[in-house]
Amino acid sequence: VQLQAFGGGLVQAGGSRRLPCAASGSIFTINDMGWYRQTPGNQRELVAGSTSAGSTNYAESVKGRFTISRDNAKNTVYLQMNSLKPEDTAVYYCNAAVIDSRFRRSDYWGQGTQVTVSS
């Protein structure tokens, strides 16, 4: 199983960016999916999470600006980021709790995608 995240880049403050992350491989189903971010010298932090039942949760710092969504048919999770701020600059990682074709549960991480917000 692999996760591939895309969509990072340079964006001006106040702008928007959409990050997709697609899971591929021997997947039976995916439970929780989420987006995390990390800046140099800091721990990786949860930005937004989504359960297979459709519940979502967000870090306080992004509530009202970011939206997580998923396309279960495509095993893909999206992070729509609006009203971006320079403090949103980070490497963004996607995560998925995958049940594979042998019914084993494992957590997988994408490779990270850099988002830089200029002031």
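Where is Asp 88 found? Select it: Asp 88 sits in the loop between strand 8 (76-81) and strand 9 (90-100). Strands here are DSSP runs of E with at least two residues, numbered from the N terminus.

Before going on, note what is loaded. This is a predicted model, in which local features need pLDDT of at least 70 and side-chain atom pairs count only at pLDDT 80 or more, while totals for chains, interfaces and linings use all residues. Residues are numbered from 1 along each chain as its sequence is written, and side-chain values use heavy atoms, with hydrogens and water left out.

**Stop 1: Asp 88**

Stay on Asp 88. It counts as buried because its relative accessibility is 0%. Buried means under 20% relative accessible area, exposed means over 50%, and partly exposed lies in between (1.4 Å probe, protein chains only).

Now show Arg 37 and Arg 65. The side chain of Asp 88 makes a polar contact of 3.0 Å with the side chain of Arg 37. Another polar contact, of 2.7 Å, joins the side chains of Asp 88 and Arg 65. A polar contact is a pair of N or O atoms within 3.5 Å; within protein, one must be able to donate a hydrogen and the other to accept it, and residues adjacent in sequence count only if both atoms are side-chain atoms.

Other residues that Asp 88 touches include Phe 66, Ser 83, Val 115 and Val 117, with residues up to four places away in sequence not counted. Contact means heavy atoms within 4.5 Å.

**Stop 2: the core**

Select Trp 35, Val 47, Phe 66, Leu 79, Met 81 and Tyr 92. Of the 27 residues in the largest nonpolar core, these touch the most other members. Strand 9 gives the most to this core, with five residues. A nonpolar core is a set of buried Ala, Val, Leu, Ile, Met, Phe, Trp, Tyr and Cys residues joined through side-chain atoms within 4.5 Å. In soluble globular proteins, nonpolar side chains tend to be buried together.

Center on Val 47. Among the residues it touches are Trp 35, Phe 66, Leu 79 and Tyr 92.

**Stop 3: the disulfide**

Which residues form a disulfide? Select Cys 21 and Cys 94: their sulfur atoms are 2.0 Å apart. The cut-off for a disulfide is a pair of cysteine sulfur atoms within 2.5 Å. Cys 21 lies in strand 3 and Cys 94 in strand 9, so the pair ties together parts that are 73 residues apart in sequence. The S-S torsion is about 55 degrees, so this disulfide is right-handed. Cys 21 is buried at 1% relative accessibility, and Cys 94 is buried at 0%.

**Stop 4**

Two strands pair if DSSP finds at least two bridges between them.

Go to strand 1. Four bridges join it to strand 3, and Gln 2 stands opposite Ser 24.

Cross to strand 7. Six bridges join strand 7 to strand 8, where Asp 71 stands opposite Thr 76.

**Last stop: Ser 50**

Select Ser 50 in strand 5. Is it buried or exposed? Ser 50 is buried, with a relative accessible area of 5%. Its contacts beyond four places in sequence include Asn 31, Asp 32, Ile 68 and Arg 70.
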